[in-house]
Amino acid sequence: MASQEQLSAIKGAKVLMVGAGGIGCELLKTLALSGFQDIHIIDMDTIEVSNLNRQFLFRQSHVGQSKAKVARDAVLRVRPNISITPYHANVKESRFNVDFFKEFDVVLNGLDNLDARRHVNRLCLAADVPLVESGTTGFLGQVTVHLKGKTECYECQPKPAPKTYPVCTITSTPSKFVHCIVWAKDLLFAKLFGDKNLENDLNVHSNDAANSSEHSDVFEYRKDEDIEEYGRRIYDHVFGHNIEVALSNEETWKNRNKPRPIYSKDVLPEKLSEQNGNMEKGCVTDDVSAMASLGLKNPQDVWSLGENSRVFLEALRLFFLKREKEIGNLTFDKDDQLAVEFVTAAANIRASSFGIPLHSLFEAKGIAGNIVHAVATTNAIIAGLIVIEAIKVLIKDSNNYRMTYCLEHPSRKMLLMPVEPYEPNKSCYVCSETPLSLEVNTHRSKLRDFVEKIVKAKLGMNFPLIMQGASILYEVGEDLEEDMVAIYAANLEKALSELPSPVTSGTVLTVEDLQQEFSRNINIKHREEFDEEKEPDGMLLSGWVEPPVDKDKNKPIGNGESTSNALPAEESLEAKKDVTIQEISEVTEIATGTKRKLSEVSKGTTPDHSGLSDETRNHNQLEKLDVDDEDDELMISDDWESLTKKKRL
């Protein structure tokens, strides 16, 4: 039973929820039933069919509608006398600024990507508002509390780097099915249906000498060309000619199994319409699906090479006949059935060429979309823990704040393991004044590289302002004059040393995000060469070190997320995650171990960890794959072979 102090704090609190998905639905319900009277929800998503098995506030009739608004209406039917304000919007919009966050007593996160989490963390720090983070992956979950100056912020521990693969492995020497998925999704699909102006590592030159001068890009769709002929030309080029080109380099295959070229004539009849009577029917059906056209019903079936070839050609045909207006602007979406069919088929044909086992569409979708298991019960448990910590925050019961971890298997006879929060990390580049330095080739790297790979990807800024002394090199904003927009756009394409205020070794750049009220100085150090495999960005940021990814244990992330784990060696758990046809909602950390008491921190006994190793701090990192990554690198987990071995009933 809640005390009078708790009831008073609950009724008088103004709460902001960010996210109305798996955790968010449970959280909103729990807040309402706990007596909270003033709740605000921000969520930019609409309801999908795949949400319905665990986001219980939604029904089939709600598909396509705003999650925040439908969740509000559902809860108000149970608690009509409370105030719930929904925002169908992105939390990164300018209206949700520091002043907006200052209106709330506590912020509760149930987000689905690292970028938005970092953004909310910074707004909470700037507004000095407590943040309760949460996340689940399958049976695992956690709730963490973050208060400015008292506990570590969400970014006090660097998040593990996503798994990356050298482009040469993807384009020339794949050895795992995941390599084939990345090739099909990020190279072939992007080349055929995405932005034609983007650079691509596919070999685009035709093997037809007669046409090579007239049509240098074999992927170009010629006017009045038969769509099946075009599809076969693409097929023969990427699965036949390109493989033969790769085989011509004999040195590559001295210690590897040689791939075999595959041409359409080897696996398909001359006219597909003669082989399959459903294909013409597929042209006029409203269900734009290659599987539907070809009569393939079970997504868990592993298609033969011939079936994959038919799906490949049929999916390509449907894109050009039914979705022609979208071509040139498409990016892969795991919820786009036709895109998933195309990528699955292309990956399987390539896998067959390289002697790699084929996978079903169900498995391939999981790999391509970084999809993992979600459990409604875990979401409900985590939502309850969020509310418990929120109440402690509201009554300022700092001695009893806990970071609580929901485990898949009992540890010390417990499935819920509470631990005391960490004190702030004095080396944190977000909530401390830690200096940063950047090694970069100032003559080769452009300002655009710096903005995309460092300012946005590493530092998580959304509306950056970059200055050298009093000179503004780059700025983003709706109120900029057109001539300034043009100047900054031109600066993006210049090498750092060629900017109006040249950036050279010894230069100090000031980078700010005015919306986040976050600013850092970066010391520039010129460096000539970088290892392309180990340092693919061609830049090295220090003063903030990302932990290495364990190549053997890299796992995908799932529904509800954060990112530190610190289980003692004898307590560490192997999270077994099944792949399901569901979107990833948030990110998980598993953490226990020795924690400094928060009461000790408040007494001014915060130790200086700056000289200690990560191991000494007992803050091991969870390997994760960032679902919202916008880098140019190719990223994916490399352990899907074990993850996709589901138990089938």
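These points concern helix packing and aromatic pairs in a predicted model.

1. Local features need pLDDT of at least 70 and side-chain atom pairs count only at pLDDT 80 or more, while totals for chains, interfaces and linings use all residues. Residues are numbered from 1 along each chain as its sequence is written, and side-chain values use heavy atoms, with hydrogens and water left out.

2. Helices are DSSP runs of H or I with at least four residues, numbered from the N terminus; the expected span is 1.5 Å times one less than the number of residues. After helix 17 comes Lys 396, with a positive phi near 55 degrees.

3. Helix 2 (residues 22-34) packs on helix 17 at about 45 degrees, with axes 8 Å apart. Axes are lines fitted to C-alpha atoms over the stretch in contact, and angles run from 0 to 180 degrees between N-to-C directions.

4. The whole structure holds 23 aromatic pairs, meaning Phe, Tyr or Trp (six-membered ring) with ring centres within 6.5 Å. Phe 193 and Phe 319 form a tilted one, 4.3 Å centre to centre with 35 degrees between planes; under 30 counts as stacked, over 60 as edge-to-face and the rest as tilted. Phe 193 is in helix 7 (residues 177-193) and Phe 319 in helix 14 (residues 305-322), so the pair ties together parts 126 residues apart in sequence.

Technical notes
Helices (H or I, at least four residues) and strands (E, at least two) are DSSP runs, numbered from the N terminus.
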